[in-house]
Structure formats: structure tokens, C-alpha cells
Amino acid sequence: MEHDHSASTGSSTVDILALVLRLALLLSTAFLAGGGLLRPPGQRPPRTLYVLGGVSALLAVVSAFAVDVNVVALAIHVVLAVAVPLLPRATRWTSAALLALVVLETSLGGTGVEFAIDTVFVAGAAVWFGFALLGPATTAAVRPGPLALTLGGLLVLAGAVRFGLSGLGFDRRLYSTLFGLAVVAVVVLPVVVSVLAGVFNARAYRLGVLGVALGFLAWSALGAIPAPPPLPVPGVPLLADDAGFPVLVSPQRPGRNVVHFPASAGGDLSAGVRGGLVSPAVARPGAEGTWAEVELPPGRSDLEIRRGDRTTVVEVDAGTAAGPAITDADAPECASAALGGLVAGRADVLSACPSDALTPEDGEALVKLVEFLAGRKPAALTLVEDDSPRGVAAAKLVRETAARTGLAVRPDAGPDTALVVVSGWAAGYTAMTRAAELQRLEPTHQYGLYLAPWLLNGPIVNAVASASLPLRFDPREATAVGYAVAVGNRFGGESPTLGGFRNWLGAGGAAAGDVQIFAAAQVNAMPMYPTEPHATGMVMDRDYAGQWVPDGTIVPITSVLR
């Protein structure tokens, strides 16, 4: 699940000066608009409106020096604020326009239901402010007593809807974060005001104006306060940004967990439960970034992320139930697969890992791969496997298919062999680096290096100059590139993986097309320095978004295998 905040209050990114100016500006303008709307026609504007008009215009100008504002909107605001008291005949029109501007400034781009409740709350509060300033007998068109009860009800309704849209439940975020306290204010204060309206009728305007004003301030502040992240859910891997860079905690169950940082987070990182052992984050074979092992206790705890002298705390909740049995070698692939679902916005409990079973799609791809190699007639297949359930099943399937097609299978390398790797990431990376070293010394595996589909991962395929894989999707197509961009944007430039791609697609969109052999290679055509003359529009940076093979390419080298 995603967990994105910068402090326990969820508000450390708020510019306090800008927030104070914004709230003061909106509150004074709402009072001004309400007073202008309810001013009796033909009467001289009270001195209060002149003061409010000047304050609103002045605050608008001051805010322009504190924050970036739209110059046109600023000019309109100042003109309307001054016009409300100075143009008595047009006061109601200018007040209505000013109120509309307050709604727009309060909503901060909200649309649909959010914009509607912003309009209801701001308009209701402004009318309340108008009666509080001018007295309930300012107009004979309405009965102020029943109207007070109606306004209170509208504020209560708007507050209830705002609570529903806030994403908060009845949990500790309501009292432990600034955003939650603001939501409580916009819900509770209108209820108090409504009770006053029911008891005191028209007198409730003066008695309840403080409650409405505080509720209005809380309502206006919600647009500038970051919403707190969802609470961590036991068993759902946690994706957090508390440290200023992405952090992935998996599987978030009691016992051994892995904490993953992208390569862009840098080095000198470590993680550990507060008061417990702190483990350095190190590279894992076949995986990108760095990884730290952490023992999580049952229930909630604070995970400390350290870099040098800086420490960031991430709240985790491992619950009490046992998690899946994840081996040390398969932990990175399992975490990467879970990351795909998190990037897609799902919060699925991690109950199994890709290495727990060989999928029918991958099994059929391996069968077609061996049949393809049988047509090329190597002397033998050199098979690399591991003891995971998937590795055992895949090795058995490769041997059976090889026997059926007349291919020998042996563990040692030879000049006329083809290497087939069906292990996990760690063993696959080791096999590729060993093959690269053997090929550097003498002719070895001249019929090619072939990887199981799940080994399509940057560090593994880039361990050799070129490797081939049987895939059911084209990594260059729009959907695959879309996932690569999404995971890179969300997790510090992390490269895509097959397990993550499948979880990102979800159960209804699994990539299960026809099998083709794709070759991944490190390619750098016409290497040039950025300062050298080159053709207009030529892309000099190979590290562009959407790549499945970092600093390389992947292309089909066969037609569909039948």
C-alpha cells in the first residue's frame, strides 16, 4: 500500500506564512461578500464593509509577494473587494462575484462533488457572516431564524460529505494529523452551530459566528494541507516516501522483511526497527537498488531509515499473522512483483511469490523455447535451475521437452551448447556473469544464452552482451512501456519486471499473447558526447523513460512460435 507523507502531522510541507495569508484573505473576503450581499438597498454601507474591503484588498496584494499568484485573478480580487463598499448600487452584484471568487480560491481546482460542496459551505458561511455583521433584521425577504437552522444544516451536510471524500476513516489519523483535525473541525463545528440555531433562532448568528469562522478556516486550510497516507495494513507491502525517496517494505509481516531502496536513493542507507538492530542496505545479485533485512515485531512499530546523520521514521504494522515463506534468494523478485500492484493503486495482501509456482503461460513459453532450440540442433542444453517450486517444475518441463525432441541436457558448458536458465534472480545473475566470463576466455554456448521469461530484469540481461527470452508480450508496445514509465516514476527510476507488470495489469489483463523469442542487448549506436555536433533532434541520452532494458534494447528475433 502507498504511504506518502513527510511528518507525523502530514503537514510539514505546508508553507506556514502562505497558509496564514491564505486563511486571513479568504476569511476577510467571505465576511465582506456576506455583508455586501445582505446590505439593505438604499442604505449607506456600514464602516465595517469599508474596513473589510481594505483588508481583503491589502491581503491580496501582500499574498502576491509571498506566493505565486495569477496576476489577473489578483487584479479582479482587488477591484471587487474595493467595489463592494464603494459602489453601493452594485454592492450585491460585486459581492456575488467576490463570493464566486472565494469559492474558486477555496476549491483549489476541485471538480464535481468537491466543487459543489465547496460552493455550499462557502456560500452558507458567507450568509451567516453577513447576518452576524449587519444583524438578522437586515432584510424582510427571509425569516432569519429558520434560515439560521437551514444554513446550519447545509454546513453539517457539506461537512459530512467532506469527511466522506477525505479518505480518512474513524482512526487515529483524525487526531494525530493536522489534516485530520481540520476534517474534525469542519464536521463538528457545523453541528454545534446548528444546535445554536435550533435553540436561539435569529440570535444564533452572533453566538455561532466564531464556530462558523473556525469551520471556514479549517475548510479553507484543507486545500493546502497534505492528506495523511492510508494506515499501513498488515501483509500489504508498504510503499513510502517519508525519507524523501521511495522505500518498499515487504511483506510487512512479523519476522524477516526486506526494505528496498532504488539506486537513485544513493548509498550509505540502513534500516531497522527503532530500538533494534540496524542493517545496512546492500546490493542483491540480479536486483536493482539496495536491500536491507529487518526483523519486524508483531503489531505496529517505527521503522527507522538512516542515511548518515539523518533518520526518518516510517510507521509499519506487521499484524500478528504469519506471512508467506520467502527465501532470501527470492525476496527481491517477490517484492518487485508486489511493487507492480502498489503502483497500480491496489493494496493486495502478499500471500505468494512468483517463485512459488510455474504458471501455465511461462511453462508453455519454455516448451516452445526448447522446441525452437531443437530445430537449431545444439550439441546439448546447459540447464541452470534452483530449488524453488517454480525452478524445479521448470527444470522438469525443460528436461521432458528436450527428451521428446532429442536434445541432451547437461549441467556443464560447452562450445556447441545453448544455455537455458530457469532459476530465480540470484542464480540467474550468477549464471549470466559466469557465462560472460567463459565466453570471454573461449568459445562457449555458441547456440546462445536463453532466460526464462521471469528473468527479464535489467541487471540479469545486462550481465552479458546479449540474451534471449521467450515472451508473450512485446516490451516495446504501449501497455508495457506505460508500466515501465509508471514504475520508474513512482520508484525512483526502477526498471520494470515481469512479475511487477503482471500485478500492475491485474487479474483481468494478464499479458498472455503468442510466444516470440526476444533478444535483449546492450546497444550504443554512434556513441557521441553531448558537446559533439550531431543531427537536429538526435536523442543523446539513452536513459529515457519506458525502457525494459536499461542502456539497451529488446527486439523480437523470431516470428510467433507455433
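Arg 410 is part of strand S11, which spans residues 409-410. Strands here are DSSP runs of E with at least two residues, helices are runs of H or I with at least four, and both are numbered from the N terminus. The model is predicted: local features need pLDDT of at least 70, side-chain atom pairs count only at pLDDT 80 or more, and totals for chains, interfaces and linings use all residues. Residues are numbered from 1 along each chain as its sequence is written, and side-chain values use heavy atoms, with hydrogens and water left out.

Arg 410 counts as partly exposed because its relative accessibility is 30%; buried means under 20% relative accessible area, exposed over 50%, and partly exposed in between (1.4 Å probe, protein chains only). Apart from neighbours within four places in sequence, Arg 410 is in contact with Ala 380, Leu 381, Thr 382, Leu 383 and Thr 417, where contact means heavy atoms within 4.5 Å. Leu 381 is 29 residues from Arg 410 along the chain, and the C-alpha atoms of the two are separated by 6.2 Å.

## Helices H1 and H2

Helix H1 (residues 16-38) and helix H2 (residues 47-66) have axes that come within 9 Å and cross at roughly 150°. Axes are lines fitted to C-alpha atoms, for helices over the stretch in contact, and angles run from 0 to 180 degrees between N-to-C directions. H1 and H2 are therefore roughly antiparallel to each other; angles under 35 degrees count as roughly parallel, over 145 as roughly antiparallel, 65 to 115 as roughly perpendicular and the rest as oblique. The crossing of H1 past H2 is left-handed, a term for a near helix turned anticlockwise from the far one by less than a right angle, with clockwise being right-handed.

On the H1 side, the residues that meet H2 include Leu 17, Leu 21, Phe 31 and Gly 35. Their counterparts in H2 include Leu 49, Leu 52, Ser 56 and Ala 66. By class, the contact of H1 with H2 has 13 nonpolar, seven polar and no charged residues. Ala, Val, Leu, Ile, Met, Phe, Trp, Tyr, Cys and Pro count as nonpolar, Asp, Glu, Lys and Arg as charged, and the others, Gly among them, as polar.

Helix H6 (residues 144-165) packs with helix H9 (residues 204-222) at an angle of about 25°, the axes being 12 Å apart. That angle makes H6 roughly parallel to H9, and H6 passes H9 in a left-handed crossing. The contact is made by Pro 144, Leu 147, Ala 148, Leu 151, Leu 155, Ala 158, Gly 159 and Arg 162 of H6, with Tyr 205, Val 212, Trp 219 and Leu 222 on H9. This contact has 10 nonpolar, one polar and one charged residues.

With helix H8 (residues 178-200), H6 packs at an angle of about 160°, and the axes are 8 Å apart. H6 is thus roughly antiparallel to H8, and this crossing is also left-handed. Residues of H6 in this contact include Gly 152, Gly 153, Val 156 and Phe 163; those of H8 include Phe 179, Val 183, Pro 190 and Gly 198. The contact of H6 with H8 divides into 12 nonpolar, five polar and one charged.

## Disulfide

With a disulfide taken as a pair of cysteine sulfur atoms within 2.5 Å, the count comes to one. Cys 334 is joined to Cys 353, with an S to S distance of 1.9 Å. The torsion about this S-S bond is about -75°, so the disulfide is left-handed. Cys 334 lies in helix H10 (residues 331-343) and Cys 353 in the loop between H10 and helix H11 (360-376), so the pair ties together parts 19 residues apart in sequence.

Both cysteines are buried: the relative accessible area of Cys 334 is 1%, and that of Cys 353 is 8%.

## Backbone exceptions

Most residues other than glycine have a negative phi, and most peptide bonds are trans. Ser 250 and Pro 251 are joined by a cis peptide bond, with omega about 5°. Pro 251 lies in the loop between strand S3 (247-250) and strand S4 (255-261). Gln 252 lies in the loop between S3 and S4 and has a positive phi, near 60°. Gln 252 counts as buried, at 0% relative accessibility.

Asp 551 has a positive phi near 55°. Asp 551 is found in the loop between strand S15 (516-521) and strand S16 (553-556), and is partly exposed, with a relative accessible area of 36%.
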